[in-house]
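Trainee: I would like to work through this fold with you. Can we take it piece by piece?

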Amino acid sequence: MSSRSQDDNVFKALAHPRRRELLDQLKDTPKTTGMLCDAFPDMDRCTVMLHLKVLEEADLVVPRREGRERWNHLNALPIKQIHDRWISQYAGHALSIIDRLKSELEA
């Protein structure tokens, strides 16, 4: 898969607020699919699984089977790659503009 299509999958996955909430649930520790369903009582199991599938396709969630349980692990590397590629470069540019503006205002 090309870097561009992988970036597209990550942006698509992060675009939905429920998927971001699922990632928040996995931030500190892996959880079973049942645990995630319990954390979102307003969503049925099928909907949780559909969101997890999108997150898996973006490589943001890595599932591991242990017996009958499916443990979902956060893979933050794609988010870091998005940050390194997009956010950090633009943040640096924005900071240089603010610094220049500050210097001009003080002069």
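Mentor: We will go from the sheet to the helix packing and then to the salt bridges.

Mentor: This is a predicted model, in which local features need pLDDT of at least 70, side-chain atom pairs count only at pLDDT 80 or more, and totals for chains, interfaces and linings use all residues. Residues are numbered from 1 along each chain as its sequence is written, and side-chain values use heavy atoms, with hydrogens and water left out.

Trainee: In what order do the 3 strands of the open sheet run?

Mentor: Strands here are DSSP runs of E with at least two residues, helices are runs of H or I with at least four, and both are numbered from the N terminus. Two strands pair if DSSP finds at least two bridges between them. The pairing in this sheet is antiparallel, and the order is β1-β3-β2.

Trainee: Which are the edge strands?

Mentor: An edge strand pairs on one side only. The two that do so are β1 (31–32) and β2 (61–66).

Trainee: Over how many bridges do β2 and β3 pair?

Mentor: Strand β3 covers residues 69–74. R64 stands opposite W71 in β3, and E66 stands opposite E69 in β3. β2 and β3 pair in the antiparallel sense, and the bridge count is 6.

Trainee: Which residue in the turn of the β2 and β3 hairpin has a positive phi?

Mentor: The hairpin leaves 2 residues between its strands. The positive phi is about 65°, and the residue is G67.

Trainee: Is R68 buried or exposed?

Mentor: R68 is found in the loop between β2 and β3. Buried means under 20% relative accessible area, exposed over 50%, and partly exposed in between, with a 1.4 Å probe and protein chains only. R68 has 82% relative accessibility, so the class is exposed.

Trainee: What stands opposite T32 in β3?

Mentor: T32 is found in strand β1. β1 and β3 pair in the antiparallel sense over 2 bridges. The residue opposite T32 in β3 is W71.

Trainee: Is T32 buried or exposed?

Mentor: Contact means heavy atoms within 4.5 Å. Leaving aside neighbours within four places in sequence, T32 is in contact with E69, R70, W71 and N72. The relative accessibility of T32 is 7%, so T32 counts as buried.

Trainee: At roughly what angle do the axes of α2 and α4 cross?

Mentor: Axes are lines fitted to C-alpha atoms, for helices over the stretch in contact, and angles run from 0 to 180 degrees between N-to-C directions. Helix α4 covers residues 45–57, and the α2 and α4 axes come within 10 Å. They cross at roughly 80°.

Trainee: What does that make α2 relative to α4?

Mentor: Angles under 35 degrees count as roughly parallel, over 145 as roughly antiparallel, 65 to 115 as roughly perpendicular and the rest as oblique. The crossing is roughly 80°. That makes α2, relative to α4, roughly perpendicular.

Trainee: Which residues in α4 do R18, R19, L22 and L23 meet?

Mentor: R18, R19, L22 and L23 sit on the α2 side of the contact. Their partners in α4 are V48, H51, V54 and L55.

Trainee: How many salt bridges does a search of the whole structure find?

Mentor: A salt bridge is a side-chain nitrogen of Lys or Arg within 4 Å of a carboxyl oxygen of Asp or Glu. Side chains of opposite charge can pair when their charged atoms come close. The search finds 6.

Trainee: What separates E106 and K102 in helix α5?

Mentor: Their side chains meet in a salt bridge at 3.6 Å, N to O. Helix α5 covers residues 77–106, and the pair is 4 residues apart there. The separation is therefore about one helical turn.
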